[in-house]
Amino acid sequence: MSFGQNAPGAAPGPFSILERNELVPYFPFKINRDDKIWVITDPFTGYERELNEAAFWLLKLCDGYRTLDEIITEISGAYNADRKNVFDMSAPLLKKLTDDGVLWWRRERLSYWKLPAPAGVLWDLTSRCNLRCRHCVVSAGEAGRDELSFGDCCKLIDDFATFSIPQLILSGGEPMIRNDFFDIAGYAAEKGILIQVATNGTLIDETAAQRLASIGACVQVSLDSSEPAVHDNFRQCPGSWQKTMKGIELLIKADVPVTLAATVTTMNIDNIPRLYELANEMGITTFRILPFVPFGRGKYADELEVAPARMRELTMFLHSEKEKDGINIAPMEFECTFSPPHGHGIDAGTRIGCDGAISYCTVTSSGEVLPCNYFSGAQTENVKEKDFRWIWDNSRFLNYFRSLKASDVKGFCQDCNWLPVCRGSCIAANFAHGDIFQSNCHCWLVHPEK
Ligand SMILES: C[S@@+](CC[C@H](N)C(=O)[O-])C[C@H]1O[C@@H](n2cnc3c(N)ncnc32)[C@H](O)[C@@H]1O
Ligand code: SF4
Ligand code: SF4
């Protein structure tokens with residue numbers, strides 16, 4: 001028996017596996033089978049790694065429930081092998097995957113939670129898009145292979161309605177590029193579900209704006225700069241700024257509440273105050289900034305990521321604008337640090353900052369259910385095979401997320417007075433930076449110098 005001998009780059013030598021004996025490892029990604037070979041795909045690089053049968057079983061048992069000690073006992077029993085040998089042979093693969101940020105370790109086992117229906121579901125209707133934005137988390141462009149058909153969508157909406165899900169955020173890709181977009185949105189609206197649409201705004205003409213108004217939709221439109229050239233360059237489509245502005249104007253004319261969403265990058269951060277001014281002039285309802293996270297196509301554009309100290313300046317500016325009589329500004333990451341500290345001490349059960357899998361989740365264009373779309377590639381369930389409600393209750397990946405606690409966040413955050421409020425914030429950003437449980441990589445308290 002040998003483990004992971006097909007794992008190129010696996011670090012040889014001792015791995016402090018003994019120190020992890022009582023810890024619970026979790027490998028959340030898909031393991032595909034190709035004849036007698038199992039294959040895992042690195043979510044960051046797309047690099048495929050072959051596994052032999054023993055390595056497959058090792059990772060299969062890293063289910064977020066068993067301790068390492070229990071896993072080793074189980075494998076040595078199954079293969080009638082010496083425990084020490086199993087330890088030694090497991091170590092290189094476990095170390096490599098841990099170093100790569102795709103094997104996660106906690107002190108506690110995952111537990112299953114019965115929660116009420118999510119307050120909202122972000123549903124990527126397609127991976128198709130007419131733009132090719134440099135940062136796009138879903139690498140949108142062409143349609144995915146197994147996208148949900150109109151029939152699948154109606155069945156899913158029936159599931160949502162039966163489970164009393166109050167709102168859907170229809171996103172993508174570009175949701176409005178689907179020919180049946182209004183049939184899907186209309187069907188959900190008829191069932192009493194509030195419709196929000198996240199769109200690049202380029203496909204909105206007068207008829208579309210009126211149809212959105214008639215189903216009572218709220219619309220979030222992406223606009224990244226007041227300067228056409230900056231937006232067009234970022235969205236990799238000349239003329240897109242003009243079309244998006246036209247779309248926003250038509251929505252406002254049709255009385256549709258519009259949120260303007262700007263993804264903040266090194267390309268546009270200096271322009272955000274001007275963009276905010278423009279939003280005020282145009283009659284936008286809400287202004288939202290989204291910090292760039294290097295996933296999807298954004299992995300190849302990490303120079304776009306803004307240093308925490310610069311993000312602090314921008315957040316402080318918008319925070320102070322909230323005192324004035326301007327438009328609504330959506331809550332911002334780490335805004336809590338501008339209010340007095342809450343004093344240290346968190347309840348042992350305080351959940352992690354991310355509300356994914358707790359009050360909302362994502363359904364991908366092919367029907368997979370995830371806490372949010374930053375975790376694509378995870379082993380999860382598909383609405384083509386199971387009812388949404390069954391998945392919400394029983395998915396291991398969703399329940400793993402629910403089990404995460406603020407106390408899982410390591411290092412600096414544990415001594416921070418704002419931990420009870422921010423609860424470590426977005427762990428997806430940490431995941432993008434290789435360690436899901438590190439002190440938050442975007443927080444200016446953790447990284448004041450950058
Ligand atoms: C994925 S898009 C889908 C909807 C629509 N196509 C659009 O662009 O608005 C939803 C929002 O996520 C933002 N976004 C995309 N990739 C991102 C990333 N890597 N980090 C942060 N926000 C991102 C987009 O700019 C957009 O505002
Ligand atoms: S961010 Fe939106 S508009 Fe841009 S490529 Fe992705 S899905 Fe398309
Ligand atoms: S240091 Fe950690 S706990 Fe404190 S505000 Fe930043 S992310 Fe939150």
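Okay, housekeeping. Residues count from 1 along each chain as its sequence is written, while chains are lettered from A and ligands numbered from 1 in the order in which they are written. Since the model is predicted, local features need pLDDT of at least 70 and side-chain atom pairs count only at pLDDT 80 or more, though totals for chains, interfaces and linings use all residues.

Helices and strands here are DSSP runs numbered from the N terminus, H or I with at least four residues for helices, E with at least two for strands. Two strands pair if DSSP finds at least two bridges between them.

Let's start with the nine-stranded sheet. It's open, with mixed pairing, and the order goes E12-E11-E10-E9-E8-E7-E6-E13-E14. At the edges sit E12, residues 328-329, and E14, residues 369-370, each pairing on one side only. E14 pairs with E13, residues 360-363, in the antiparallel sense over two bridges, and Val363 has Val369 of E14 as its bridge partner. Helix H9 packs on this sheet, touching E10 and E11 (286-291), and its direction makes about 175° with that of E10. For that angle, axes are lines fitted to C-alpha atoms, for helices over the stretch in contact, and angles run from 0 to 180 degrees between N-to-C directions.

So what lies between E10 and H9? One residue in that loop is Thr265, with E10 at 258-264 and H9 at 272-282. Buried or exposed? Thr265 counts as buried, because it has 22 C-beta neighbours inside 10 Å. The cut-offs: 20 or more other C-beta atoms within 10 Å is buried, 12 or fewer is exposed, in between is partly exposed, with C-beta atoms placed from the backbone. Skipping residues up to four places away in sequence, Thr265 touches His135, Phe292, Leu304 and Val306; contact means C-beta atoms, placed from the backbone, within 7 Å. Val293 is 28 residues from Thr265 in sequence, and 9.3 Å away C-alpha to C-alpha.

Now the ligands. "Around" means a C-beta atom, placed from the backbone, within 6 Å of the molecule. Ligand 1 has 20 such residues, and Val137, Asn200, Ser222, Thr263 and Gly298 come nearest. E8 (194-199) and E10 are the elements giving two or more residues to that shell. By class it has 10 nonpolar, nine polar and one charged. For the classes, Ala, Val, Leu, Ile, Met, Phe, Trp, Tyr, Cys and Pro are nonpolar, Asp, Glu, Lys and Arg are charged, and the others, Gly among them, are polar.

Around ligand 2 we find, among others, Cys129, Cys133, Cys136, Asn200 and Arg235, and the shell splits into six nonpolar, three polar and three charged. Ligand 3 is surrounded by 15 residues, the closest being Cys413, Cys416, Cys422, Asn440 and Cys443. Its shell has 10 nonpolar, five polar and no charged residues.

Arg235 turns up again in H7 (228-235), whose buried residues are His231, Phe234 and Arg235. Down the axis of H7 these fall within an arc of 90°, so they line one face; the arc is that of the directions from the helix axis to the C-beta atoms. H8 (240-253) is part of what covers them.

Last, the other open sheet: three strands, E2-E3-E4, antiparallel. E2 (31-34) and E4 (48-51) each have a single partner strand, so one side of each has no neighbour in the sheet. The twist averages 35° from one strand to the next.

Conventions
Contact = placed C-beta atoms within 7 Å.
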